[in-house]
Amino acid sequence: AVNTDRRVWLLFEVGPDSLVTLIPPTAADAVLPGGATNRLMAERRGDAITLSVNGVIVGEVENPAPAAPVPAGVAAAAYTTQAAVDARFDNFLYSD
């Protein structure tokens, strides 16, 4: 998730009954403010998932489990100074 008001990103896991924060809100100059387009990327290589915002690596999760493919996605919601929000999903690729 990205918050353009505060220019932070965070990573959370959606459980059956809750959201679990895996990486708390973290400041990043790569997050563009206001209504600018922000591109998020998650790339798994070996035992790590690299997280990027607008082409800049902002974090990494090592040894995520399980190793098999799992449901994943990006959520978007309007907040504070922004009345509308949208998201586009592309470039999904899975390979062994």
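Trainee: Which residue in β3 stands opposite Glu13?

Mentor: Strands of a sheet pair through backbone hydrogen bonds, either parallel or antiparallel. Here, Glu13 faces Val20 of β3. This is a predicted model, where local features need pLDDT of at least 70, side-chain atom pairs count only at pLDDT 80 or more, and totals for chains, interfaces and linings use all residues. Numbering starts from 1 along each chain as its sequence is written, and side-chain values use heavy atoms, with hydrogens and water left out.

Trainee: How many bridges join β2 and β3?

Mentor: Strands are DSSP runs of E, at least two residues, numbered from the N terminus, and two of them pair if DSSP finds at least two bridges between them. Strand β2 (residues 8–14) and β3 share six bridges, in the antiparallel sense.

Trainee: What order do the strands of that open sheet take?

Mentor: The order is β1-β2-β3, with antiparallel pairing. Because β1 (2–3) and β3 (19–27) each have a single partner strand, one side of each is left without a neighbour in the sheet.

Trainee: Which residues make up the largest nonpolar core?

Mentor: In soluble globular proteins, nonpolar side chains tend to be buried together. A nonpolar core is a set of buried Ala, Val, Leu, Ile, Met, Phe, Trp, Tyr and Cys residues joined through side-chain atoms within 4.5 Å; buried means under 20% relative accessible area (1.4 Å probe, protein chains only). The largest one has seven residues: Trp9, Ile23, Ala28, Ala30, Val31, Leu51 and Val53.

Trainee: What is Trp9 in contact with, leaving aside its neighbours within four places in sequence?

Mentor: Contact means heavy atoms within 4.5 Å. The partners of Trp9 include Ile23, Ala28, Leu51 and Val58.

Notes
Buried < 20%, exposed > 50% of the residue type's maximum accessible area, 1.4 Å probe, protein only. Helix = DSSP H or I, 4+ residues; strand = E, 2+ residues; numbered from the N terminus.
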